[in-house]
Amino acid sequence: MLIDRDNSLLLVVDIQEKLAPAIHDADTVTANSARLLRASAQLGVPAFVSEQYVRGLGPSLAAIRAAAGHARFFEKTHFSCAAEPGVLDLLRAANRRQIILTGTETHVCVLQTACDLLADNFAVFLVADAASSRTPASRDAASERLRALGGQIVTTEMVLFEWLRRAGTDEFRALLPLIK
């Protein structure tokens with residue numbers, strides 16, 4: 001199944017000031033999540049950004065906030081975004097069944113969110129180069145588990161090119177700086 005931009009939304013999970021310094025490859029996770037946020041804005045794909053216990057972990061990183069001007073932010077205390085009251089209804093209201101998932105930590109909040117979304121019959125696409133944990137082992141175990149549960153593992157460029165579907169269009173030219 002290809003990702004369909006008219007049937008997908010982007011969910012960026014907990015890329016926050018006090019958590020990011022502990023995350024393996026945090027710069028890449030942040031940069032790729034920001035690329036997807038900018039692309040989603042240009043292509044009209046709804047985007048959501050969660051923030052886990054802001055008082056303790058701080059807000060989203062500045063790069064995420066800058067790229068997410070169009071996104072809907074929500075704070076949570078549950079590890080799973082979908083377990084936070086009202087969030088599942090918010091995602092359902094977008095009327096899109098594919099969820100592009102990025103963020104931290106892959107083995108905690110991202111995985112629990114993905115499991116709950118799969119249970120609610122969403123198709124979940126974990127963006128491997130835009131999600132991580134404090135250790136590569138935790139990140140990899142979460143990716144393997146999610147794949148076994150029916151989630152798909154993709155990369156940032158896979159998402160961008162599947163959203164675009166073809167070259168030679170104005171949209172392709174507009175997103176080219178995000179691809180290069």
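Modeller: Asn 95 is exposed, with a relative accessible area of 65%; exposed means over 50%, buried under 20%, and partly exposed in between (1.4 Å probe, protein chains only). This is a predicted model, in which local features need pLDDT of at least 70 and side-chain atom pairs count only at pLDDT 80 or more, while totals for chains, interfaces and linings use all residues. Residues are numbered from 1 along each chain as its sequence is written, and side-chain values use heavy atoms, with hydrogens and water left out.

Asn 95 has a positive phi of about 60 degrees, although it is not a glycine. Its place is the loop between helix H4 (87-93) and strand S4; helices (H or I, at least four residues) and strands (E, at least two) are DSSP runs, numbered from the N terminus. The peptide bond from Thr 104 to Glu 105 is cis, with omega near -20 degrees. Asn 121, in the loop between H5 and strand S5 (123-132), has a positive phi of about 70 degrees without being a glycine, and Asn 121 is exposed at 63%. Most residues other than glycine have a negative phi, and most peptide bonds are trans.

As for salt bridges (a side-chain nitrogen of Lys or Arg within 4 Å of a carboxyl oxygen of Asp or Glu), the structure holds 8. Among them, Asp 89, Arg 92 and Asp 120 are linked in a network.
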